[in-house]
Each structure stands twice: as C-alpha cells, then as structure tokens.
Amino acid sequence: MHEKTIAELSAGLAAGDYSSVELTSHFLERIEQLDARLNSFITLTPELALEQARAADQRIAAGDAGALTGIPMAHKDIFCTLGVRTSCGSRMLENFISPYDATVVSKLAEAGMVMLGKTNMDEFAMGSSNETSHFGPVRNPWDVERVPGGSSGGSAAAVAARLVPAVTGTDTGGSIRQPAALTGITGLKPTYGRCSRYGMIAFASSLDQAGPMTRTAEDAALILGAMAGFDPRDSTSAERPVDDYAAALDQPVSGLRVGVVREFMHGDLDAGIAASVEAAIAELQRQGAEVVEVSLPNAHLSVPAYYVVAPAECSSNLSRFDGVRFGHRCEDPKDLEDLYKRSRSEGFSSEVKRRIMIGTYALSAGYYDAYYLKAQQIRQLIAEDFRRAFADCDVIVAPTTPGTAFPLGEKGDDPVSMYLQDIFTIAVNLAGLPAISIPAPAVNGLPVGFQIIGDQFQEGRLLNVAHRIQIETDWHQQVPEGF
Amino acid sequence: MQWETVIGLEIHTQLATHSKIFSGSSTAFGAEPNTQANLVDLGMPGVLPVLNRKAVEYAVRFGRAIDAHVAERSVFARKNYFYPDLPKGYQISQFELPIVGKGCVEIVLEDGEVKTVGVTRAHLEEDAGKSLHEDFHGMTGIDLNRAGTPLLEIVSEPDMRSAREAIAYARKIHQIVTYLGICDGNMQEGSFRCDANVSVRPKGQAEFGTRAELKNINSFRFLERAINYEVERQIELIEDGGKVVQETRLYDANRDETRSMRSKEEANDYRYFPDPDLLPVVIDQAFMDAVSADMPELPDARRTRFQEAFGLSAYDANGLTATRATADYFEAVSAATGDAKLAANWVMGELAAALNKEGLEIERSPVDAAALAGLLLRIRDNTISGKIAKQVFEAMWSGQGSADELIEAKGLKQITDSGAIEALVDEVLAANPEQVENYRNADPAKRPKMIGFFVGQVMKKSQGKANPQQVNELLRGKLD
C-alpha cells in the first residue's frame with residue numbers, strides 16, 4: 001500500500017479494497033520498523049490517528065468522503081496541533097502542548113486526512129540540513145550518512161522512505177524545495193499568502209509559506225487544494241478563490257515558454273546537476289515546450305538580502321520565547337534578567353542564537369538603513385527582475401540546489417557554505433512567488449531537484465508542468481533501497 | 001535669571017472599542033485577571049494579529065476633529081523590548097508612518113487669550129498588560145486583560161509654557177476624545193494617561209533645555225503638580241551649577257515629587273521595523289467620507305449652537321458644553337421640558353452644586369436627565385414653586401422617589417384654589433390687626449415692602465404650598 005500515490009489510495013478506499021484504519025496501521029507499522037534509521041518523526045500520535053481513521057471510514061461508508069478522506073499524513077512540527085506537542089525542533093518548546101490547531105492543520109483534518117505525527121525539522125526552521133534539530137539529525141533514506149536537507153528534512157525523508165504519503169512543510173528560503181530535491185520527492189512552495197500562516201510558528205513572517213511535500217505533483221495538487229485559501233486570522237493571506245489544481249494537471253505543455261535563467265546555468269554549476277536539469281528541460285521540449293533565456297540580474301544579491309531580512313524578522317518573532325508564559329524556563333531564576341538570559345540561552349541552540357544576533361544587529365539604531373532597508377530594496381529589485389522575466393516566459397526553470405545531498409557534519413562549521421545551499425531557492429521567497437521542486441535524473445545514485453518557478457498564484461501551472469514531466473518519466477518513482 | 005518652561009505632552013487615550021486592536025477579546029475594565037486574554041493576547045506561538053477596523057475609524061475621527069492630515073497609507077511597526085507584561089516581546093505600534101499627522105487645537109487661557117497648540121502626530125498602538133507586585137510573595141503576577149487594548153497616542157508639539165497651559169491642552173484633548181465618543185476619558189481606570197516632557201531654558205534662549213519625561217500621572221491636578229515640582233527641581237539644579245539629564249521620571253502623588261526611573265544611557269534600542277504580519281493601513285476617500293458622515297458635534301460647535309438656538313449666555317453655553325455628558329444631559333432636560341433656560345439654570349445651579357458637593361461626575365448623578373425633567377415640568381405647570389422644587393430635588397437626590405411621587409407623598413402640591421387661599425389670607429389678617437392697621441395708615445409707596453410680612457405669614461400657614469402670586473393678589477385686594 002505504501003507504494004501507491006494518494007490518488008491511488010483514495011480510489012482503493014472508495015472501492016473498499018482496504019479501510020483507512022488498515023491504511024493508517026500499515027503506515028504506523030512502517031514508521032515503527034524503519035524510522036529508527038531516519039529519525040524523521042519527533043512525535044507519533046497513533047491513538048489520535050486511529051481515531052481519525054475510524055471517523056474517516058465512517059465518512060467513506062456514509063458516502064461523505066472527499067479525495068483526501070482517510071489518507072494518512074503528517075505535519076512538520078512547526079504547525080500547532082491541538083493537544084499535541086509542537087516543538088518546532090527546539091528544546092525551547094520540547095514540552096509545549098499547543099492549545100489550538102493551525103489553520104492548515106484544521107483544513108486538512110476537515111478534509112478527512114489522518115495525522116500520524118509530527119515530523120523532525122531544523123530548530124525553528126533555521127537550517128538546510130536538518131542537523132540543528134534538538135531531537136537529533138534526520139538521515140537521508142538514499143544514504144543514511146547524508147543529510148536530507150532542511151529545514152523540512154523530516155517531512156522529506158518520511159515521504160521519500162514511503163513512511164507516509166504526504167507531509168506538510170514550510171519554506172522560508174527553500175525549506176520545502178531543497179529537502180525535496182535532496183530526497184527525490186515533490187515539494188511545492190506556494191505564493192506568499194496562498195496558505196494561511198495562522199498557527200505556523202513564525203520564523204520570518206514576510207517569507208514563510210506552508211506547502212505540501214508528496215511523491216507526485218498530482219498528490220501535491222490534491223493537498224494544496226485543501227490547504228490553500230483565505231484565512232480571516234491571517235491578514236497577509238490572499239483573498240482570492242483557490243484554483244482547481246487537479247483539474248488543470250493534464251493540460252499539454254506544447255507552446256509553453258520555458259525560461260532558463262542565464263545567471264543560474266553558467267559554467268560554475270556542478271556538471272552532474274547541470275546535465276540532470278538539462279534532461280528535464282529536454283523532456284519539456286520533447287512535449288512541445290519552447291525554451292527561452294531569461295535574466296535575473298539581481299538574483300546574486302538574494303542570499304545576502306535574505307540573511308538580513310530573515311534574521312531581522314526572526315530576532316523579533318522569537319522574542320515571545322522568554323520563559324514567562326510557555327516553553328523552557330530555567331531553574332530558580334534569581335531575577336527577571338536571569339530568567340530571560342538563562343531560559344533563552346538554554347532553550348535555543350547555536351544556529352538560532354546566531355540568527356537572533358545577526359537580526360538584532362541589523363535592526364539596531366544606526367544600522368537599520370544600511371542593512372534592513374537596503375535588503376528590502378534588493379527584494380524590490382529581485383521582484384522586478386522576475387516581473388520582467390515573466391513577460392518573456394510562462395514558467396522559469398532552474399536547479400533546486402547547487403549539489404546533491406552532502407554528508408552529515410560536512411557543513412556544520414561553515415554557516416556560509418550552508419547558507420549557499422539556498423542560492424537557487426531564496427530569490428523566489430524574496431519575490432513571494434510559487435515554485436515546485438520535482439525529481440530530475442539522479443547523479444551518482446543521489447536525487448537531484450528540478451525547480452519550476454511561476455508568477456504569482458500560478459500554482460496550477462506549476463503542478464501541470466510538473467505532472468506532464470512525471471507522467472512521461474520515472475525519475476520520481478525511484479525508491480531508496482531498504483525502504 | 002528668568003526661566004521659561006517648555007512642555008510637550010504625550011497623551012495615551014484608550015479607544016472605546018468593544019474588542020482589542022488585534023484580537024477579538026473584550027476590552028471591558030475590571031474583569032478577573034487573564035479572563036480577557038485569548039491566544040493572540042497571550043502571544044502564543046503561531047498566532048497573528050488582525051486589525052480592528054473600529055480602532056482605525058476612531059483614529060481617523062480624531063484626525064478630522066483636529067484638522068490633521070490623515071495618512072492615506074500608514075504602517076504598523078514593532079517596538080521590540082522585553083518585559084513580562086509584553087507577551088510577544090514587542091509592542092505593535094506605528095513609527096515612521098502614523099495614521100494621523102500634523103494638526104492643532106485651540107486652548108483658552110485664563111486671561112481669555114486663545115492659544116494654538118500643535119499636535120505633531122497621533123498613532124495607533126496596542127497597550128501592554130499589567131504586572132502585579134502585591135500579594136505574590138516576592139514574585140510578580142501578570143494580568144494580560146489589558147494587553148492589546150487599542151491606544152491612540154497623541155503627541156503635542158513643545159508649545160506649552162506653563163503647567164496651566166498644559167492642563168488646558170490636556171483638558172481640551174480630553175474634551176475632544178470624549179465628545180468624539182472614541183475614549184471614555186476615565187483617568188482613574190487609565191483610559192486617558194498623560195506623560196509630560198518638561199524642560200526649562202533662560203528666557204530669550206532659542207534652544208530647548210534638556211527634558212525629563214514625567215510618567216504615572218493619573219489626574220489633571222497631579223499633572224499640574226508634577227510639572228510644577230519638576231520645573232522647580234530643574235531650575236534649582238541648574239542654578240546650583242548642576243545639569244539636567246535626559247531621563248524618565250515617575251510622579252509620586254503621595255510625596256508630591258518626581259523620581260528618576262531610567263536615564264537615556266540605559267534606554268532601550270527598540271529596533272523598530274514594519275510589522276510583516278500586518279498590511280499597511282490604506283484609507284481611501286470612501287472610508288474618509290464614512291467617518292465624516294459619522295462625526296459627532298464637537299464642543300466648539302455645540303457651544304455656539306447652544307448660544308444661538310437656546311439664547312444662552314456665553315458663560316452658560318461654555319459650562320454646559322464642558323463635557324459631552326453635561327451637554328447631553330442638558331439637551332435631554334431641555335427637550336423634555338421645552339424650556340432651555342429653566343433647564344440651563346437647574347443643570348448649572350442645583351445639579352452642579354450637588355454633584356460638586358459629592359465629587360460626582362454627571363454620568364453618575366443619582367438624578368438623571370429624565371428625572372430632573374420630570375421635576376422641572378411640575379414647575380412649568382405650576383404644580384409646585386421653584387422653592388418647593390429645591391426641596392423635592394434634595395429628596396430625589398437621596399433616592400426617595402420621582403418628582404411626582406414625592407410631591408404626592410409629601411402633599412407638596414401648590415394650593416391654587418382661591419377659596420382655600422382666601423381663607424388663609426383672612427386668618428392671617430384676623431390674627432394681625434395691628435399690622436393691618438399700620439399698613440393701611442402707611443404711605444402707599446411703602447406698602448409693597450410691607451405686604452411681604454403678610455405674604456410670608458400666609459406662605460408659612462400653607463407650608464409653602466400656596467401660589468405666591470395668588471396670595472399677593474388676594475392680600476392687595478383685601479388691604480388696599
């Protein structure tokens with residue numbers, strides 16, 4: 001059953017081939033058997049899952065089921081889940097039981113999905129290797145000595161290892177797409193504002209966006225359809241109807257103008273990655289798409305701009321973790337100052353502290369104009385680059401990452417090299433655009449991600465293009481050995 | 001050396017919205033601690049603010065009232081600092097782009113001179129919670145009921161030159177916001193809080209002196225005292241060769257002094273930046289038009305109208321429009337009785353005296369407008385005299401019943417039956433033959449004065465209930 005896609009599982013449930021309880025039990029058993037090798041889950045909720053599965057079976061029996069009813073899934077541990085620990089991968093929230101559900105969580109629950117648990121992640125979503133988690137690193141099912149990427153590394157590893165058909169992720173600078181690329185799955189980062197951020201623990205509010213991580217674009221279309229939508233609780237969510245993503249999947253791509261970014265495909269790009277991306281582009285051409293060259297002249301400024309904006313926002317967002325109302329509190333504080341200092345020093349680990357420090361500095365009096373304001377101006381330039389490029393093409397394609405999965409510990413001492421993992425993904429977040437990463441041909445047995453970027457609210461188009469590639473290729477059907 | 005005082009005020013007005021500025025919690029005062037704090041007010045992980053439209057409307061209303069520029073686009077910013085009663089570790093406020101820009105108000109000084117005071121800006125922000133230091137045995141309790149209550153912070157130019165001017169300005173702003181219905185103006189409950197920036201400089205000097213910011217002032221009286229204390233302190237300090245340092249000072253009403261709270265060196269760097277959780281506030285023409293259509297009458301306009309429509313004196317019109325509640329009270333009495341002058345006399349006279357005696361605001365008057373109107377109607381229809389009415393009013397004040405009930409129960413109804421009055425007159429004349437004799441022998445010019453004796457006797461006999469006019473007429477008929 002774990003080999004099937006959501007669309008297939010849904011048909012099986014409807015036909016009565018198996019029940020949601022059976023399906024749920026099956027995936028719970030797989031997690032039990034296999035996750036010790038990956039550490040992709042922080043918390044499992046088997047009892048809750050079986051209860052939801054029973055309710056789903058009743059809905060199916062009553063003829064009240066949608067495409068997602070009874071399908072097992074998991075949430076990245078950044079989404080607040082009522083009555084269930086929501087740790088955000090941090091010691092700070094190790095014992096935090098959320099008193100409410102995030103909007104995305106309640107939407108998927110209403111669709112009848114069954115939550116198996118909460119997946120591992122870089123602490124507060126800060127990292128590109130899933131090594132900063134308080135709950136230990138996640139391993140890549142393709143090679144357990146390598147990282148799965150981050151920050152949604154647990155989500156990616158769990159889907160790649162067929163431990164669960166779909167998991168939610170969040171993407172601030174590439175946190176859905178980069179781990180999707182490194183583990184050979186499909187990960188979609190929607191337009192900023194397409195999914196509600198309510199109940200998603202904030203890292204960088206102007207960049208954070210929730211999205212689905214699945215095996216196929218078709219599955220991603222189903223999940224996004226249920227996740228997306230305006231939320232009166234999130235002022236930055238978009239007040240526009242949600243497209244029927246599944247209905248648009250099959251459209252032919254003949255005549256589609258595919259923009260290849262000149263600045264990304266230059267000589268420095270790893271030859272293996274380049275060849276793999278070329279193969280994906282060739283597949284689109286084979287189906288009648290037209291390739292055009294586009295330019296993003298300011299894209300090289302995206303990493304530095306990001307590493308001002310994101311830390312600045314996080315330095316403020318993480319202030320609420322002060323040991324006063326919830327989360328980690330130090331033992332026997334001497335006074336208020338001591339309570340703050342020790343609770344935060346003990347609760348956050350070094351990468352989070354580093355970003356709080358950078359962000360605090362960037363917002364300080366006398367530096368604000370030089371850093372934060374400048375970075376915001378660069379954002380405008382990058383958004384403008386994309387606007388210009390989309391005048392000449394329908395979608396933009398690029399590698400998702402500069403390389404394949406790297407060994408655990410390799411970049412631990414070198415934050416800048418870690419930050420460069422996101423060189424192809426960050427510009428998209430800065431411009432608030434949607435982008436999807438799907439598997440391209442593997443290099444040396446390791447997955448490679450092919451990124452398709454769209455203009456605002458063009459998720460339907462991205463899923464359509466990704467699906468057209470997937471129905472003609474088997475790059476997304478590769479299974480890591482032993483899973 | 002001659003010194004000049006320079007004062008600017010920062011006034012925090014709590015906006016009278018039912019719910020908080022960024023959450024649906026109630027803003028009602030006085031609930032059990034933390035019963036009016038929801039997930040958003042508690043700053044739980046993952047929650048987001050959603051702006052209360054009413055708070056924006058109220059801010060725009062204020063902007064219109066002081067002829068200020070209302071920003072087509074204003075931006076909420078985060079003011080970052082750690083404090084236990086600030087749940088998110090930042091306060092959502094407005095910094096570079098406030099909703100209300102430059103405006104001004106006019107104040108009337110004691111000598112009648114009119115002075116214009118500039119308003120630099122007014123911006124929307126959320127209030128913090130409260131730290132409770134009593135009853136927690138060395139620990140601090142946190143009450144987040146107030147966290148997220150909408151505030152409009154109104155910042156003046158440093159245009160005031162004395163404590164008196166500062167009070168006049170503060171009262172004017174108080175009058176405006178209560179007239180607008182955007183703030184209940186209650187200083188004890190903290191709905192209207194003044195911080196004063198005070199400095200002194202040698203007379204004639206152009207540059208400002210170093211200022212101190214005075215906080216914790218919860219009445220106009222204390223505002224005056226705090227400023228006067230601070231001015232003296234600064235002058236003494238400078239004359240003794242010292243220097244004023246820029247700092248925040250707390251006013252202690254019990255000791256009538258200001259004390260240093262924190263100096264600029266230890267001041268926070270608030271690291272303001274636009275709040276990415278909130279969209280810029282865009283005020284379009286339709287919004288402005290809707291607010292304009294909804295503007296209540298302002299004090300100056302109401303005062304003029306009272307003079308013109310009711311023929312009241314400038315003094316009465318001023319007194320009756322001092323607060324919106326007084327003006328509303330007066331207008332209700334006036335409308336119910338159809339006699340504006342009678343209503344004005346009673347509201348400014350008997351009622352004001354009674355309120356003043358007990359230190360009550362008109363909103364808490366035991367005799368409400370309808371009740372007072374009920375009494376005045378009985379004067380109008382001659383059921384009772386003005387004198388008896390004062391007696392009835394006292395009984396009404398102490399809660400003994402309505403005017404009609406009291407008049408009935410105490411038998412205060414005026415005697416207008418001429419037969420009954422004539423009988424009393426006859427009794428009085430019969431009992432005082434000497435005075436009758438004297439009257440009749442007196443110079444007619446002196447008689448009007450002398451008749452007072454008989455009137456008094458008749459009124460006394462009637463326990464004040466006889467219609468004085470009728471008594472007069474009957475007496476004159478029988479004596480002359």
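Modeller: Let us begin with buried area, which is the accessible area (1.4 Å probe) that two parts lose on being put together, summed over both. This is a predicted model, in which local features need pLDDT of at least 70 and side-chain atom pairs count only at pLDDT 80 or more, while totals for chains, interfaces and linings use all residues. Residues are numbered from 1 along each chain as its sequence is written, chains are lettered from A in the order in which they are written, and side-chain values use heavy atoms, without hydrogens and water.

Colleague: What is the area buried between chain B and chain A?

Modeller: About 2,800 Å², with carbon and sulfur atoms giving 60% of that area. Within the part that chain B buries against chain A, B:Pro45, B:Phe82 and B:Arg271 supply 23%, more than any other three residues.

Colleague: Why is the pair A:Arg197 and B:Asp277 called a salt bridge?

Modeller: The term asks for a side-chain nitrogen of Lys or Arg within 4 Å of a carboxyl oxygen of Asp or Glu; the closest N and O atoms of A:Arg197 and B:Asp277 are 3.1 Å apart, so the pair qualifies. Across the interface of chain B and chain A, the rule finds one salt bridge.
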